[in-house]
Structures are given as C-alpha cells and as structure tokens.
Amino acid sequence: MKSLESAILLLIVLSAPILAIWSFPSLPGPADLVIANGTDPGSIHPHRATGLPEGRIIQAIHEGLLLIDPRSLEPIPGCADRWEISSAGTRYRFHIQPGLLWSDGTRLTAEDFRRSWLDLLDPLQGAPYGDLLQSVVGARSWRRLETSREQVAIRTEGESILEIELEHPVPWFLYLCAQTPLQPVHPEADGRAGPAIATNGPWVIESWRLRDRIRLVTNPFYRGPSTPHLEVIDFLAVESGNTQLNLLAAGMAHWAVRTPAAAIPVLREDAQWSSMWHADPYLGISFFRLNLERPPLDDPNIRRAISLVLDRQQLCHDVLGGDPEPALGFIPWPKPAIERQRIKMMERGLTQEIHDLLPGYSGMAMTSDPQKPVMTAAQIAPEQWAYEGHDPALARQILQRAGWRVPGSPEGRAIPALEILHPSSGTHSLVAEWLQLVWNRELGIETTIQSMEWRSFLDVQRSVDYDLSTSSWIADYPDPASFLTLFTTGAPNSRTGWSDQEYDQRVASALAEPRLEERMKLWQQAERILLERGPVLPLWSMTSGNLVSHQVEGFLPNPLDHHDLRAIHRSSR
Amino acid sequence: MSSLLMRRLLASLITIWAVFTLSFFIIHAAPGGPFDANRDPPADVKRAIEARYHLDAPLWSQYLDQLVGWIQLDPGPSLRQPDHDVASILAAGFPISLLLGSLALILGTTVGVLLGILAALRPGGVLDQLIVVTASIGLALPLYVIAGLLVLGVSFGLGWLPPAGWQTIPSLVLPVLCLSLLPAAQSARLIRSGLIEMSTEEFARTARAKGLSPFSVLLFHCLRPALIPLVATLAPTAAALLTGSLVVEQIFAIPGVGMHFIQGALNRDYPLVLGAVLLYTVLLQLLSLLADLLTWILDPRLRGEVR
C-alpha cells in the first residue's frame, strides 16, 4: 500500500513540471510594436466585426479602396489610385490600381470589391453594418427582399473599374470607402477570418493565440501605396486598464488603448506620463435618454430645469478626470477642445495641424439668442449654449412658474421621484450619484439609482422601461447624419419611442440636400428640435484616451481616433 | 470496490447532465442576447444573424442541439468569437489554467502542510499564533489586493519579475504565488487543527509514553489521519484552481479559461458558458473521485467497510 501511495503522490507532484514544459508557449521573438488592444477580439471578418479592437486589426490586414490620411483626415488612395465623382454627387467611379494581390498571391480585382460589398448588403448574411451602403441605388429594396442582388447599382468594368450609383449625394461616401466593413473579403473566406484566410493589407496574421495575442507580420504580396515601417506587430488581448498601464510602464507594450479612470489625473499632471497621454477630442457624445411618456419628464419645464442646474464643466473636471468637454448640444463639439489640443501640442513642440471634425457644421453654434441662431465656435460663451449654460436660479423660476414645488418655497405640486438607470461598469455610477446630488440639492428632486449588468441594461433600455438611462453614441462617419438619424421615428436605436414629424422632415430634407451649406443649416434645425422637444439630455463630448510610449512615432492625435499603423514607426529612443 | 466505482461514475454522469440542463435554462432566462449592442442592426438583420446560429429555434430544440453537440464533443462556434469553435477556445485556455492551478496547488499545499506542522508543534506558542494570523489574513484578503501589492512591490519596486503577460517562465511566478495563497492558508489551518486533535488521541499518547519525541509523533503517527479532512476539501479547491481565476487572469493577462465563466455569461455566449460549466463539473467529479480514492488509501478503516 505504501508504494502505491508514494507512486500516486509522486505522479501528482511531477505532473505539474511535465505539464509546464509541454504546454508552455514557444516564446515569440520581439515585436516592433506591441499594442495592448483591449478585449480579446471577436470576429475579425470585415462584415461581422463591430468593436474597436477588431477594427484596429482589420485595418492592418485589409486595405480598402481608400485610406484616411492620419494628418489631414482626407481620403487618400488605397486599392483605388484615383476616382471620379459625377457633378450631381451620385455616381462614383474608382480605378483599382493594377497588379494588386491577395496574400495568397492571387489577383485582386474590382470584382472582389463588388462581391464583398454585395455580401455586406445581403440581408440574409446579417452584416451589422450593412446599412452603411443602403444609399446605393437598389440596395434598400434588396434588403427588404423585394428585388435581387443584380439590381443593386454596384458595377464593374473590366478588372479595374468599380462604379457605384447612389440614390442621393452622400457627402461622407469617400470616408466610408476607407472603413472596415467596406474592405474587400477573399472569395474563399465564407464568413471566416484568421491566419488561414487571405487578406490584402500590408500585414498578415502569423499566429492567433486566443486571449493572448495576435501576431502580424509583413505581407510579401502587398503591392499597395503604403510603405509600412513595422515588420512585426503584436496585438495583446488585455482587458484590464490597470494591466495595460502596468505593461506599458514595464516596457512590455508600446500603446495602451484603455487606461483606468482613476489614473487619468496622474497621467495628465505627472511630467513622466503627460507627454505619453493622448486625450483627444473624439466624435462621441455621452447623454441620457429620457422617457417622455412618464411624469414628470413629460413636462418640458422639468426637462429644461434638470438640464439648467447641471454644471457640466464641474462634471467633466471633478467627476470625469478633466479630459472630456461639456456637451453643448447633441452633436459633439470638438472645436474648443481642438483649440486646447492645438495649444497643448504646440507646447510639446509638435506642429501637426488638427482639423475640425465636421467641416461646414457650425455645430453647437445654436444659441439661446434667437437673433444669432448661427455663430462660429469661437464666439460662443457658456451662457449662450443651446442649453443656456448653468443657471440653477432660472431652473427654479421655471419650475415655480409651472406650478412645481422647489426648495425654499412650500407652494406647488411635489415633483415625482426619478430613477436613473445605468450599466454597472465604468464611471456610470459616479455620474449618476453626481446627478442625484445636484438635482436633490438644487431642485429638491428625489432620485433613485439602478445599476444593471450590460445586456440586461440594454434589454430594459430597448423596451423603454426607464425614466432616465445612461447612453452614448459614437459616429459611424464624420457627419451630423450619424447622430441625428438616431432619433427619427422608428429608427432601430432610438430606444425612446419618441416621434416628431417636423424632426423627421428636417432629417429627410438634410439627407437629400446636395448643397453643403443648406444641408448643415437643416442639420442645425433638426438638432435644435431634438434639444428642445426631444428625449435627450447631453452631458459631455467624449475624448479618446491613448497612452503611447515615446518610442512610437507617427501617432497623430485626431478627432476620429484613427491611427493607421501604416504611418507608425518605432524610434530608437 | 468496482461496484462502488460504477455507482460513483453513474452518479457523476447524472450530476453533469443536471448541471448542464440547469445552466442551459438559467443562462437563456437572462435578459438580452449575444448580439445586443449599443448600436443594434435593423431588426431583419438581427433576425438573420440569430437564424445563422439557430437562436430563432424553440428553446427545447436549441437545448437538444447543444446536448447532442456536447455528447459528440462538437458544440459549434462561440457566438462572440465565431472564428473559433468552443472546444478549441477551451482547449487553448485549459492547459494554461491547468499549469498555473497545479503549480499553485502543489506550492500552496506543501507550504500549508509544513506551516500547519510547525504551528501544531507548540499550540498557543508565538510561531503558532503568527501562522494562524497569517493564514487568516491570507484567507481574508481579496486576491486583487494581494496581486496589486505583489505587482507594485516585486515588479515595480524590486524590478524582479514582469507585472503581467504570458511569455516567459518568470511571468508565471506572481500568478502562481497569488493562487497558492488560498490553498496554503486552508491547508495550514486544517493540518494544524487536525494534528492538535490527533495528538490527544490514545495512540499518540502511547507513542509519546514509549519515548518518541513530540515531533516524531506528529510526523509519523498523527499526520496521516490529519491529512484526511485536507484531502476532502482539496477536491473543490483544486477544481476551482485548475479552471482558472478571473481576477488573476485579468490582472496578469493570463489566457486561461477562468475568464470564460464570467465573460461568457456577460456576453450571453451560450455555448461557451455551457462549455466552461461542463469543464468545471467534469473536473470536480473526477477530483472528488480521486479524493475518495486518496481517503481510502489514507484511512484503513474505510478499506474494511468497502470490502
């Protein structure tokens, strides 16, 4: 018995080192660039991917018709070396560069783009971003299965011409041509992605270790316009912001895409970190959805008052770490933030030009002054914001006039309690507690806070079973349309049940308006309706947050948070 | 013995099926679905995506599909990572968790048993009190606090070990240390109390009366019976350690399977959650069987009963 006992014990003890030698991964050599890329990517098929970690990888291993210049944010040649747009702005003709190859050495032609784009639109394939191409003639009816694939106006001429006809001018169409869903997919991919599937970008996947890293190496068959500087790139699957920070501090990563909120004040102020910390204005808005069917939010006076008492500057500074900008309306307003960014970069000796995000959109220039409905950004003072800035006294007056009871005055009806619904992750609870405090102190409104796991939260939000719910929106393309089509009647992501005929009309007119200036005016009118009557309470314009090692060069801050690896290289520092 | 083994195996199979069935219906009862996002695609596109993964089928039919899939060891693709099937996701992470967990188990148990013996040598003495307090702290402190302190001190203070990553053998040290704390503290307490209890038994008194030193009595006469309760608690501890730890995997960026239990559920990645739960259940059943076997070896009284 003794010997059996010893044998079992010995076997158990020895199994661990044996297992260690057997299962420990072979050490990959060093990479030129290591990116702590966030969550382990889901699908990296261009038609199926939805998140930013996936997008960064797809941009490196695929190449679209066009690329976005990280300096000017203008579309530049990718697979297409030139293009023509008809005078009406509805017909695009792209010339595919001759001699392009897939990473398996086969020819890449205009037909590959046509097939990929039709697959993206195919209603039965269920690509989440298929609607990016719905303005193509014939696309909408095919997506409703009323017509066929052949009737969609995406055509080829020979191997090198791709022609697209749109229902109406889409000013952001060239920008779309650089986006991940519109990248060409290999004919044999059949919905799959990974090392075995050929791609056409400057890099290919060498290995994919689940929940560890995806390693890219240069694609020997790449014939595109870029000259990538990096030979080996590692995308680490590191979910935790703290761990990303640790890896960067230890020199084991060069770019951390997520940092813990608690570290942001140090990253901003500490000299060792501040030159690596890029918190740049970003085309995203944080807001609350309001349920206009429930009292007291059905009263516009209450909606106006709960907004007026908010000192958004204080929220951004004290609660959010200081990087985000107060929202002045529903479209994020990067202009003042961009100005600040420009100054910050000049201080650092950088001379890169930062561009306005929505050229032609005077943006939050809508003010409370009806004489000057449109102003340039530099002229706007906080008291002229669309939300009239921060004015608790005015808020109380408004409520009193409407017959509600406010602190310091016993008359009027008591305001029913509100419930704030937020997802349980991130800084949402801090924001909710701040709102609870301010509304109670200034207006005497009782607020309860309900925190929910993300998918349960989405489920409640979708069924509009809330008073106020935490929300955010990041633009799919740099145009007001990406924000303002969100709340048209029946839009799939409205999640408010709100419907306003006048608003719908303005949005429809703006979408169909070919003249830029007129379009922008229509967008501004639509935004004004949304702010005055609509179900939104904007809080702050988002900022991107990247921590980038000094060894990385060519990382150019921009309001799209677009960082093409083709432009990035390592310095010897 | 063999009929006992057969009965145990049958009970294990029924347990595994029951856990699978319960887990399937509980995870499907949770609100929301795997393809919910801040930006929903239009309703018909969403229906097409759900149809691709048979999520439009009635629940009982999905249940049968999954059950048959698992019986054939081919549960299909993960819903969040459709480029990979669930079996390969678990197969990629399990050796890593197994390695970390077994190293932590061996280290923790060995250290714990040694500390338990030292503490039992002089109950109430300074060493005993020190070990009891340390073990209590080890049990009480949350793992993320210990891990954070270790990273701060060992990686950034002393610069000895990498703070995270799964690249070199040194990157194993901190996660193994963290994971070994719980089994070390548990076994130190169990062995200490077991030895103290055993040393009051008649056989120990007889041994001492025969002139054996207290140390020899503890080591050669009391340790063996004192190990029995430890072996019994080791099965669930080992199953938990070998299937990874969410906290340790997250802090040290370890690509094990521990994360799938939480993330799979949060993402409503139904097949992946079921896979993770099945992995844990099967392992727990196997280890319980092993623990029974070990107890049987350690305790001669049981052998008589089984025969």
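Buried means under 20% relative accessible area, exposed means over 50%, and partly exposed lies in between, with a 1.4 Å probe and protein chains only. Keep those cut-offs at hand for this tour.

The model is predicted, so local features need pLDDT of at least 70 and side-chain atom pairs count only at pLDDT 80 or more, while totals for chains, interfaces and linings use all residues. Residues are numbered from 1 along each chain as its sequence is written, chains are lettered from A and ligands numbered from 1 in the order in which they are written, and side-chain values use heavy atoms, without hydrogens and water.

**Stop 1: H54 of chain B**

Select H54(B). With a relative accessible area of 48%, H54(B) is partly exposed. Look for H54(B) in the loop between α2 (43–52) and α3 (59–71) of chain B. Helices (H or I, at least four residues) and strands (E, at least two) are DSSP runs, numbered from the N terminus. Check the backbone here: phi of H54(B) is near 60°, a positive value in a residue other than glycine. Most residues other than glycine have a negative phi, and most peptide bonds are trans.

**Stop 2**

Go to V464(A). Phi of V464(A) is near 50°, again positive in a residue other than glycine. V464(A) is found in the loop between α14 (454–462) and β16 of chain A. V464(A) counts as partly exposed, at 23% relative accessibility.

Next, select P295(A) and P296(A). A cis peptide bond joins P295(A) and P296(A), with omega at about 5°. P296(A) is found in the loop between β12 (277–290) and α9 (300–308) of chain A.

**Stop 3: helix α5 of chain B**

Select residues 126–140 of chain B. This is α5, with 15 residues. Helix α5 reaches 21 Å from its first C-alpha to its last, close to the 21 Å expected at 1.5 Å a residue. The expected span is 1.5 Å times one less than the number of residues.

Which residues of α5(B) are buried? They are D128(B), I131(B), A135(B) and G138(B). These residues cover an arc of only 95° around the axis, which puts them on the same side of α5(B). The arc is that of the directions from the helix axis to the C-beta atoms.

Contact means heavy atoms within 4.5 Å.

**Stop 4: ring pairs**

Rings of Phe, Tyr and Trp (its six-membered ring) pair if their centres lie within 6.5 Å; planes under 30 degrees apart count as stacked, over 60 as edge-to-face and the rest as tilted. How many aromatic pairs are there over all chains? The count comes to 17.

Pick W172(A) and Y477(A). This pair is stacked, at 4.3 Å centre to centre and 0° between the planes. W172(A) lies in the loop between β7 (161–165) and α5 (173–176) of chain A, and Y477(A) in the loop between β16 (468–474) and α15 (481–484) of chain A, so the pair ties together parts 305 residues apart in sequence. Both W172(A) and Y477(A) are buried.

Compare F24(B) and F25(B). Their ring centres are 5.0 Å apart and their planes at 80°, so the pair is edge-to-face. F24(B) is buried, with a relative accessible area of 1%, whereas F25(B) is partly exposed at 35%.

Back in chain A, select Y92(A), F94(A), W117(A) and F173(A). Ring pairs link these residues into a cluster.

**Stop 5**

Select S135(A), in the loop between α3 (110–121) and α4 (139–143) of chain A. S135(A) counts as buried, at 14% relative accessibility. Leaving aside neighbours within four places in sequence, the contacts of S135(A) include R140(A), H168(A) and V170(A).

V137(A) also lies in the loop between α3 and α4 of chain A. V137(A) is partly exposed, with a relative accessible area of 29%. With neighbours within four places in sequence left aside, V137(A) is in contact with residues including Q151(A), V152(A) and A153(A). Finish with a distance: the C-alpha atoms of V137(A) and E206(A), 69 residues apart along the chain, are separated by 39 Å.

**Last view: chain A as a whole**

Zoom out. Chain A has 17 helices and 19 strands. Of its 573 residues, 58% count as buried.
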